[in-house]
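Subject: Handover of a structure for your review

Dear colleague,

Please find below the structure that I am passing on to you.

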Amino acid sequence: MPSILDFFAQGATLVFEPFALALIVIGVIIGLTMGSLPGMTATMTVAVLVSFTFSMEPVEGMMLLLGIYGGALYAGSIPAILIRTPGTPSAAATVFDGFPLAQQGKAGRAIGIATVASFVGGVISVIFLAVLAPQIANVALAFRSPENFAIAVFGLTIIASISGDSIIKGLISGLLGMFLATVGLDPNLGFPRFSFGVDALTAGIEFIAVMIGLFGIAEGIARYRAGIDTDSVKQDLSTVRPTREDLKNIGNVTVGSGIVGAFIGAIPGAGGDIASFVTYNEAKRWCSNAVPKFGEGNVLGVAAAESGNNASTGGALIPTLTLGIPGDSVTAILIGALLVHGIRPGPGLFESEPGLVYAIFIGFFLVYVLILIFGLIGARYWARLIDFPAMYLWPVIFILCIIGSIALRGNLLDAWVMLGAGVLGYFMRMDDYPLAPMVLGLILGPIAESNLRRSLQVSDGSLEIIYTSPIAMVILIFSLVSLFLPFIRHGIQQYRT
């Protein structure tokens, strides 16, 4: 009877073939390149290139796709830090502290922290994947519609914690995002909602286009209004590689966020965007007395968001490999790639293709080793991008934003949505409305709605199916605590003053 060590040895033999190793390197480079462009998501890049793997051996194809997956997810932090425009949805939370650090001339330090945190989170997720896959998959399997509704509600309560000085303005921003998410076809009945007779709107409003506009176009408008010819912030490149003090400072938060992110990633449909917001919010609670405050350029915020979203990758592979249920949109494409080769993910995969499974474990670990190496080497050069004259840089950024929004679905409407979101985001910033809650509402609103309605359909309109689920009720209790804790803290501060 082969042991686990035998399976690891079999997987290592497949991964360390020269061609497979070369494909890992190529995949990481492609992922880094595409992920650093606003709107060029990991999902889109993997979807475009998956057809190139059909003529390869399964292990070789998976190595290429896993390299793209990890590289793109990490690289989304680069434009988030440099120009306040996340390259991928998962990097939206990185903006909160990454961009303020760049404004202080510390973009190199921020990218270095993001690189190390991404590596740690990714490695933790691989450990989860290799050691705890069957156990965590069993927990994820218990998540039905009521539990998925509860986890979406828990995510929405984070709005209260990321709303800045005005919780009311944060809630308005979040509700606006949820409203925009209702445009398109009803998720259960399939009839158009709020499309106003415009056929293109029946496909819904693409939240990535909105995100690019809110963070990219709005920032550009603000820059032009302030004077685009003003001198750019001089970046300190002497601290690109994190110091021992930095590593010691972010250690606990990075490891904790990696563990939480891996678990969230194992929940089908959760993904890196939810993981990054949740881990950022939890880090903000763990370190409530941190100086500087979160949102003002604290490296703990960058470390938490990046560790959490990269840890979700290995977590997302847990239900993918053990149950055949995609953990996120990228792993759904990976399932399709395996099916083309006649390999069906699921419980039998560990018995029928142990070499492939353990090659994935080893290959994904190598992906994050390469991300650490390339990230620390390239951070010094990426940080220099912000030193380019703004009068040349921002027109290029605008063009990339337009291309990125159109490339998502090949739909010109998405470009108009992106521009409209940019104007809206600019005026929201003028009146101190936080933008992150709107993105969170766009992402989590549809998840909460579809799972609530599905639960009610199953129970003939009764909420009993939710409050009789122990898992859902525990999550909803945590949601109440998450929702009211910021109000309680605000009241205590008002009382003390």
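This is a predicted model: local features need pLDDT of at least 70, side-chain atom pairs count only at pLDDT 80 or more; totals for chains, interfaces and linings use all residues.

Overall composition

The protein contains 21 helices and two strands. Of its 497 residues, 57% are buried. Among contacts with a separation of 6 or more, 80% are between residues 24 or more positions apart. The accessible surface amounts to about 20,600 Å², and carbon and sulfur atoms account for 67% of that area.

The nonpolar core

The largest nonpolar core comprises 134 residues. Met-63, Leu-66, Leu-214, Phe-364 and Val-367 are the residues with the most contacts inside it. Helix H16, which spans residues 354-384, gives the most to this core, with 14 residues. Leu-66 deserves a separate look: setting aside neighbours within four places in sequence, it is in contact with Leu-317, Leu-334, Ile-360, Phe-364 and Val-367.

A pair of packed helices

Two of those partners of Leu-66, namely Leu-317 and Leu-334, also take part in the contact of helix H13 with helix H14. H13 covers residues 299-323 and H14 covers residues 329-340; they pack at an angle of about 40 degrees, with their axes 10 Å apart. The crossing of H13 past H14 is right-handed. On the H13 side the contact involves Ala-316, Leu-317 and Thr-320, which meet Thr-331, Leu-334 and Ile-335 of H14. By type, the residues of this contact divide into four nonpolar, two polar and no charged.

An enclosed helix

Helix H6 is made up of residues 95-103, and it is largely enclosed by the rest of the structure because eight of its nine residues are buried. The buried residues are Val-95, Phe-96, Asp-97, Gly-98, Phe-99, Pro-100, Leu-101 and Ala-102. After H6 comes Gly-105, which has a positive phi, near 85 degrees.

Ile-274 is found in helix H12, residues 271-286. Its relative accessible area is 12%, and it is therefore buried, the cut-off being under 20%. Not counting residues up to four places away in sequence, Ile-274 touches Ile-264, Leu-444 and Ile-447. Ile-274 and Ile-151 are 123 residues apart in sequence, yet their C-alpha atoms are 9.9 Å apart in space.

Asp-246 is found in helix H11, residues 244-265. With 6% relative accessibility, Asp-246 also counts as buried. Leaving aside neighbours within four places in sequence, Asp-246 is in contact with Arg-109 and Ile-113. Asp-246 and Ile-113 are 133 residues apart in sequence, while the distance from C-alpha to C-alpha is 7.9 Å.

Two loop residues with positive phi

Most residues other than glycine have a negative phi. Phe-194, which is not a glycine, has a positive phi of about 55 degrees. Phe-194 lies in the loop between strand E2 (192-193) and helix H10 (207-226), and it is partly exposed, with a relative accessible area of 41%.

Asp-432 has a positive phi near 65 degrees, and this residue too is other than glycine. Asp-432 is located in the loop between helix H18 (412-430) and helix H19 (436-458). Its relative accessible area is 59%, so Asp-432 is exposed, for which the cut-off is over 50%.

With kind regards

How values were computed. Residues are numbered from 1 along each chain as its sequence is written. Side-chain values use heavy atoms; hydrogens and water are left out. Axes are lines fitted to C-alpha atoms, for helices over the stretch in contact, and angles run from 0 to 180 degrees between N-to-C directions. Helices (H or I, at least four residues) and strands (E, at least two) are DSSP runs, numbered from the N terminus. A crossing is left-handed if the near helix is turned anticlockwise from the far one by less than a right angle, and right-handed if clockwise. Contact means heavy atoms within 4.5 Å. Ala, Val, Leu, Ile, Met, Phe, Trp, Tyr, Cys and Pro count as nonpolar, Asp, Glu, Lys and Arg as charged, and the others, Gly among them, as polar. Buried means under 20% relative accessible area, exposed over 50%, partly exposed in between (1.4 Å probe, protein chains only). Accessible areas come from the Shrake-Rupley method with a 1.4 Å probe; for residues, only the protein chains shown count as cover. A nonpolar core is a set of buried Ala, Val, Leu, Ile, Met, Phe, Trp, Tyr and Cys residues joined through side-chain atoms within 4.5 Å.
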